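Visitor: I would like to learn how to read a structure like this one. Could you take me through it feature by feature?

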Amino acid sequence: MNLFEKERWINEMAEKFENQSPEALIELAVEKFPNITLACSFGSEDVVLVDMLQKVSPKTDIFYLDTNVHFKETYETRDRLQQHYGVEFVQVLPKLTLEEQAAQYGEELWKSQPNQCCNIRKVDPLTDILRNYDAWITGIRRDQAPTRANSKKVEYDTKFGLVKFNPLAAWTSEDVWNYIRNNNIIYNPLHDRNYPSIGCEHCTRQVAAGEDPRAGRWAGFEKTECGLHK
Ligand code: SF4
């Protein structure tokens, strides 16, 4: 498929699957792109997708960006999921260790230059891993943030140069939690402690009642996204 044909197919599928279930879209994605991967951050949306993918295509690669500074609860959630499903998630590490980063850019870069820190520990490793695939699946939802409001269920990811499937784009947070409860899915226990959106430990705080669910990410900075999604 050349790029023109691919874009036409993407637009057709985005329209066709807009009102279909996430599972139906995942089936289409793995059938059309056997060389596909799921990005997992072990947040509520991603554990739903891990569960769905295990039912549809258990051999599909699932990777996570290991920034080395996730909460211990996040690493424990990873371990519990791996054990439960009998899978091993692909660990994607930054080129620089925390010590090398501190030596080159200064201590606690996340406090002074979070964009640079995210580039080193998330965006560059993501760029490298996605070069190995033709398509990826993500857990983004339209109502998570204004920056995600126009996400389609299928789109061409111009930033990373591959097809992107967002099976939960039309879901609300309530839909996600209904699926988790109804299917008894393993999830990060931090969600029960007022962490609706979980990133690295240094850049995530609890939110207060009534606050935006993503208010706990990079609090004190204008920043709202890692740079993984446009
Ligand atoms: S979320 Fe924070 S610690 Fe994690 S990579 Fe970005 S700036 Fe660094």
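Guide: What follows is a set of questions and answers on cavities, a pocket, salt bridges, a strand pair and a loop. Bear in mind that the model is predicted.

Visitor: Which element gives the most to the lining of the largest cavity?

Guide: That is H7, with five residues. By class, the lining of the largest cavity divides into eight nonpolar, three polar and three charged residues.

Visitor: At which residues does UniProt place the feature "binding site"?

Guide: The UniProt record, an unreviewed entry, puts that feature at Cys 117, Cys 118, Cys 200 and Cys 203. These residues span 87 residues in sequence, yet no two of their C-alpha atoms are more than 11.0 Å apart, so they gather at one spot. The lining of the largest cavity includes Cys 117, Cys 118, Cys 200 and Cys 203.

Visitor: Take one of them. Is Cys 117 buried or exposed?

Guide: Cys 117 belongs to helix H7. The cut-off for buried is under 20% relative accessible area. Cys 117 has a relative accessible area of 8%, so Cys 117 is buried.

Visitor: How does the lining of the largest pocket divide by class?

Guide: There are 16 nonpolar, 13 polar and nine charged residues in the lining of the largest pocket.

Visitor: Next, salt bridges. How many are there by this rule?

Guide: The rule asks for a side-chain nitrogen of Lys or Arg within 4 Å of a carboxyl oxygen of Asp or Glu. The count is eleven salt bridges. One of these pairs is Asp 51 with Lys 55, where the closest N and O atoms are 2.7 Å apart.

Visitor: Where do Asp 51 and Lys 55 sit in helix H3 relative to one another?

Guide: Asp 51 and Lys 55 are four residues apart in helix H3, so about one helical turn separates them. Asp 51 has 6% relative accessibility and counts as buried, whereas Lys 55, at 55%, counts as exposed.

Visitor: Which residues are linked with Arg 141 in a network of salt bridges?

Guide: The network links Glu 45, Arg 141 and Asp 143. Within it, the closest N and O atoms of Arg 141 and Asp 143 are 2.3 Å apart. Arg 141 counts as buried at 6% relative accessibility, while Asp 143 counts as partly exposed at 49%.

Visitor: And Arg 78, what does it form a salt bridge with?

Guide: Its partner is Asp 79, and the closest N and O atoms of that pair are 2.9 Å apart. Arg 78 is buried at 15% relative accessibility, and Asp 79 is partly exposed at 37%.

Visitor: Turning to strands, how do strand E5 and strand E6 run?

Guide: In a regular strand the side chains alternate between the two faces of the sheet. Here strand E5 (residues 154-157) and strand E6 (residues 162-165) run antiparallel and are joined by four bridges. Glu 155 has Lys 164 in E6 as its bridge partner. The hairpin of E5 and E6 has four residues between the strands, and in this hairpin Gly 161 takes a positive phi near 75 degrees.

Visitor: Last, a loop residue. Where does Asn 150 lie?

Guide: Asn 150 is in the loop between strand E4 (135-137) and E5. With 70% relative accessibility, Asn 150 counts as exposed. Ala 169 is 19 residues from Asn 150 along the chain, and their C-alpha atoms are separated by 9.1 Å.

Methods
Residues are numbered from 1 along each chain as its sequence is written. This is a predicted model: local features need pLDDT of at least 70, side-chain atom pairs count only at pLDDT 80 or more; totals for chains, interfaces and linings use all residues. Side-chain values use heavy atoms; hydrogens and water are left out. Ala, Val, Leu, Ile, Met, Phe, Trp, Tyr, Cys and Pro count as nonpolar, Asp, Glu, Lys and Arg as charged, and the others, Gly among them, as polar. Helices (H or I, at least four residues) and strands (E, at least two) are DSSP runs, numbered from the N terminus. Buried means under 20% relative accessible area, exposed over 50%, partly exposed in between (1.4 Å probe, protein chains only). Two strands pair if DSSP finds at least two bridges between them. UniProt positions are given in the numbering used here, feature names are shortened, and annotations may be inferred rather than shown by experiment. On a 1 Å grid over the protein atoms alone, a cavity is a set of points where a 1.4 Å probe fits but cannot get out, and a pocket is an open set with protein on both sides within 12 Å along at least five of seven lines; lining residues have an atom within 4 Å of a point.
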